[in-house]
Amino acid sequence: MIPSVNKTINFKALQNKEKKYYPNGVEYRINMDGEDYFYKYTINKPNGILEDLKQCKRDLGWITRINKALRFVEGSKKFLDEKIYGIVGTGGLTTVFDIGNERVLKISEENPFEYRKYNPKFDIPLIGKVEQYKGFYGYIQKKADTENVGLKNVLAVKRKMKKAGFTSSLDFGSHRTDQVGIYKGKSFLLDSRCAIKRNNFITRFTNWFENNFNFKRICIAQRIEDVMDKLPVHIEEKPLPDYTFKEAFMRIKKVIKSWK
């Protein structure tokens, strides 16, 4: 896994970024509590997306990650006219490239709109369509400010999602400011897979009842070391189906039986 900064950090308080210079680029890293984090990487003079990707690989050593991006661009023949000005973000399955003109190119192993359509009410503006090639996806979004995001911005996005009938996935916790960006003074969701369609009231109530009143629920203890050392894994963000009235009744009835 590539260490990256958790954006819940107050960036203004981080004045001492370490810089590593390359012939045509600069890597910025931050050391916090003894841990070394990738912050961003910039290219001084871009030479075209294919050569720029090769430079990213030479400088950063991200062979597997950058090779995936190269396979996508070379195979799909998409975005060949773009240039890369740097890397501004990484996820377990996604890399975010700065391509200039206030835009970012995301190349991912996940379809950002696999389970829903783009929603301009809370999604960061999408430029063009999502391109697909042999299990990889490439798409361009507006570049957002991610350094001045606070809890108020997260809550603003969640309120907009709720009004539109969506809820947060497991990958968008209450304080995950790294999933949110500011564009033209407004807060937007950056990772579209973090918004999933809300279940109906019966389903939501049944799940709440089960989670809070099932006295025979099994809890499994895990060592904190095992949790911290886990490699990035795919988080299933497929919306769960709604319960029928009969299914909801049977699940609630089972919970009530646990009280005896």
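1. Set aside neighbours within four places in sequence, and Ile66 is in contact (heavy atoms within 4.5 Å) with Leu53, Cys56, Lys57, Ile87 and Phe97. Apart from it lies another core, of 13 residues, with Met161, Val180, Ile182 and Cys194 among them. A nonpolar core here is a set of buried Ala, Val, Leu, Ile, Met, Phe, Trp, Tyr and Cys residues joined through side-chain atoms within 4.5 Å. Buried means under 20% relative accessible area, exposed over 50%, and partly exposed in between, with a 1.4 Å probe and protein chains only.

2. Basis of the note. This is a predicted model: local features need pLDDT of at least 70, side-chain atom pairs count only at pLDDT 80 or more, and totals for chains, interfaces and linings use all residues. Residues are numbered from 1 along each chain as its sequence is written, and side-chain values use heavy atoms, with hydrogens and water left out.

3. The largest nonpolar core has 23 residues. Those with the most contacts inside it are Tyr41, Leu53, Ile66, Ile84, Ile87, Phe97 and Leu105. S3, H1, H2, S5, S6 and S8 are the elements that give two or more residues to this core. H2 supplies the largest share, five residues. Helices (H or I, at least four residues) and strands (E, at least two) are DSSP runs, numbered from the N terminus.

4. The sheet. Eight strands form an open sheet, with antiparallel pairing, in the order S1-S2-S3-S4-S5-S6-S8-S7. Its edge strands, S1 (18–22) and S7 (126–133), each pair on one side only. Two strands pair if DSSP finds at least two bridges between them. From one strand to the next, the twist averages 25°. Axes are lines fitted to C-alpha atoms, for helices over the stretch in contact; angles run from 0 to 180 degrees between N-to-C directions.

5. Two helices pack on the sheet. Helix H1 (residues 49–60) touches S1, S2 (25–32), S3 (35–43), S4 (86–90), S5 (94–100) and S6. The direction of H1 makes about 150° with that of S3. Helix H2 (residues 63–76) touches S4, S5, S6, S7 and S8, and its direction makes about 95° with that of S7.

6. Strand pairs. S1 and S2 run antiparallel, joined by five bridges. A hairpin through two residues links S1 to S2. Glu18 has Arg29 in S2 as its bridge partner. Eight bridges join S2 to S3, also antiparallel. Gly25 stands opposite Ile43 in S3. The hairpin of S2 and S3 has two residues between the strands, and Asp33 there takes a positive phi near 55°. Six of the eight residues of S2 are buried, so S2 is largely enclosed by the rest of the structure. Further along, six bridges join S6 (residues 103–108) to S8 (residues 136–142). Leu105 stands opposite Ile140 in S8.

7. H1 in detail. Ile49, Asp52, Leu53, Gln55, Cys56, Asp59 and Leu60 are buried in H1. Seen down the axis, the buried residues of H1 fall within an arc of 160°, so they line one face of the helix. The arc is that of the directions from the helix axis to the C-beta atoms. Just after H1, Gly61 takes a positive phi of about 75°.

8. Gln55 is buried, with a relative accessible area of 5%. Leaving aside neighbours within four places in sequence, Gln55 is in contact with Asn24, Gly25, Tyr41 and Ile43.
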